[in-house]
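Hi everyone, thanks for coming. Please have a look at the sequence and the structure on the screen, and then I'll walk you through what I found.

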Amino acid sequence: MENFFHDEIEKSVFISEEQLKDANMDKLYGRYWPDTYIYSVYPAALEGRGDYLCDVLPAGSAPREDGLSAVRTADGIDFYDGGKRLRVESYGLYQSIFSRNKGILETDVMSRKKAVILGCGSVGSLVAMELARAGVGSFLLADPDIVEYHNICRHQCGLEDAGDLKINALERKLKNINPSVQVAKFEGIVQNLPKAQLDEFCTPGDTVFVGCADNRAADVYTNRISIYYSAYFISIGFWERAYAGEIFYHIPGKGMPCYECALGDGGNISARIQANHHIYSNQENTEGLKFEPGISVDINFITTIGIKIIIDLLNQSSEDYIPRVLNHLKQYTVICNTSDPRIGGEMVEIFSYPLQITSSLVVGFGKKQCRDGGICKYELEEK
Ligand SMILES: [Zn+2]
C-alpha cells in the first residue's frame, strides 16, 4: 500500500491484550478496514459477527507469503501481512471501553449492577444501551416481540436485526458496547417471567427493575416483584405520541409507597394529572388500539431523565457518589416535550413551557389496602 509520495503505508492490527495472552484462541475474526489499513480483531464474544481473518499458527511457524498471518510467540502473537511484520496496537479491552467514565462512575461498582429490562422496545432498548455504556454488567431482557421495519425509526436496533427477537437483537447491541456484559433473556411479558430465573439473576441492593412495557398492570406487578428482591424499581411511561411522559421510582426499605400504593387507582396525585391518566394507555383501554408513542427524539428525551434516575439509584450505596437528580426529582415526575395545545391537545396545558420537568408532584399512600402501619403491604410480605 502506497500513498501519494509512494511512501509505503503500514497496515496495523487492533487486538485486545486479553486475546494476545489467550493461548486457547486458534482462529481470529474481525474486520479489515481498507481506508485505514487496520485489521480489527473482534473480542471472543463477537467473533461470530466478524469475517474470518486467519488461524493462529503455533510458535516457530513461518508466516504465510500472502494475506494475514498470526504466529504465536512466548508472550503473545506476532502478525504478518504478505510475510511482512505488522504493528500491533493492543489495549486492555475493559479499561479502554470505560476509560472515559473514569472519575464519574466507578467502573468496578457499575460492573456489579444488574438491570431487569421489562419491554425491549424503543424505551427499553435505549435504557439498556445507556446502562451498558455506564458500565452496568448484567442484564435480564424480557420481551415477546420481534424487530419489525416499523420499529426501526425509534429503536436502537437496525435493519440487520429485522425479523429476530428484540431480546436477541438488543443482546447483540449490548455486547457490541461491552463484550463482557452478562445477558439473560426471557421471551415473554413480565407477568410470565419464571421466579427461578429472577432468583438466579437478582442481587439485593444491586438490581433495578425497569418497567418499559407502558402499561400500569405490568408496573404494579413489577414493583411488587422488585420489593420482593430488595431491588429498585422505575417505570417510564408515555402520554399519547410522547407529548409528555411519567416516571415513577421506588427504593425498597424506605417506607415509600409502591406503584400500586401511589398510582394504582389514580392515588392522591393532583386532579389534573389524574385526569390525564386515561391517555397513558392501561391494558383494558388499549385492546384493539394501536398505541403510538411518538417520534424517537421525544421518547428519548423523557427516557433519558429516567436513565439518569436509574444511575443515581444504582449508586445509592456508593459513599463517594453525589446523586445528580435523585434529591431534586420526587418519586413521581411528569415531563413534557410540548406545552402547546395545538400539538399536544388540551392535556399538555398543565405545562408552563416545553421540556418542563416537574419536581413538585408528591405521591403518598393513595390506596388504603396497600398500607399497613405506614408501610406498603408488599414490604411486609415474607420473602
Ligand atoms: Zn404498595
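Among contacts in the protein chain between residues at least 6 apart in sequence, 64% join residues that are at least 24 apart. Please keep in mind that this is a predicted model. The chain has 383 residues, and 41% of them count as buried. It contains 12 helices and 17 strands, and along its principal axes the C-alpha trace spans about 80 × 50 × 40 Å.

How is the chain divided? There is a domain 1, residues 12-91, and a domain 2, residues 100-380. Their C-alpha centres lie 42 Å apart.

Let's turn to the sheet. It is an open sheet of 7 strands in the order E11-E10-E9-E12-E13-E14-E15, and the pairing is mixed. Which strands stand at the edges? They are E11, residues 182-186, and E15, residues 332-336; each has a single partner strand, so one side of each is left without a neighbour in the sheet. From one strand to the next, the twist averages 15°.

At the E11 end, strand E10, residues 138-142, pairs with E11 in the parallel sense over 5 bridges. If you want to find that pairing on the screen, look for Ala-142, whose bridge partner in E11 is Phe-186.

Further along we have E13 and E14, which run antiparallel and are joined by 6 bridges. Here Ile-236 stands opposite Ile-247 in E14. E14 also runs antiparallel to E15, with 5 bridges between them, and there Gly-245 stands opposite Ile-335.

I'd like to stay with E14 for a moment. 7 of its 7 residues are buried, so this strand is largely enclosed by the rest of the structure. In a regular strand, side chains alternate between the two faces of the sheet. In E14, Ala-244, Glu-246, Phe-248 and His-250 point one way, while Gly-245, Ile-247 and Tyr-249 point the other way. Notice that the buried residues here include Glu-246 and His-250.

The hairpin of E13 and E14 has 5 residues between the strands, and one of them deserves a look: Arg-241 takes a positive phi near 55°. Ala-242 is in the loop between E13 and E14 too, and it has a positive phi of about 60° although it is not a glycine. For context, most residues other than glycine have a negative phi. Is Ala-242 buried or exposed? It has 27 other C-beta atoms within 10 Å, so it counts as buried.

Leu-355 is another non-glycine residue with a positive phi, near 65°. You'll find Leu-355 in the loop between helix H11, residues 341-344, and strand E16, residues 371-372. Leu-355 counts as exposed because it has 12 C-beta neighbours inside 10 Å.

Helix H7, residues 216-228, lies across strands E9, E12, E13 and E14, and runs at about 175° to E12. H10 touches E12, E13, E14 and E15, and its direction makes about 175° with that of E13.

As for Val-210, its contacts beyond four places in sequence include Ile-117, Leu-118, Ile-234 and Ile-310.

Last stop, for anyone interested in cysteines: where is Cys-157 found? It is in the loop between E10 and helix H5, residues 166-177. Cys-157 counts as buried because it has 21 C-beta neighbours inside 10 Å. Leaving out residues up to four places away in sequence, Cys-157 touches Ser-125, Val-147, Ala-169, Leu-170 and Lys-173.

Note on methods. Residues numbered from 1 in each chain as written. Predicted model: local features only at pLDDT ≥ 70, side-chain atom pairs only at ≥ 80, totals over all residues. Contact = placed C-beta atoms within 7 Å. Pairing = 2+ DSSP bridges. Helix = DSSP H or I, 4+ residues; strand = E, 2+ residues; numbered from the N terminus. Axes fitted to C-alpha atoms, helices over the stretch in contact; angles between N-to-C directions. Buried ≥ 20, exposed ≤ 12 C-beta atoms within 10 Å, placed from the backbone. Domains from an automatic or database assignment.
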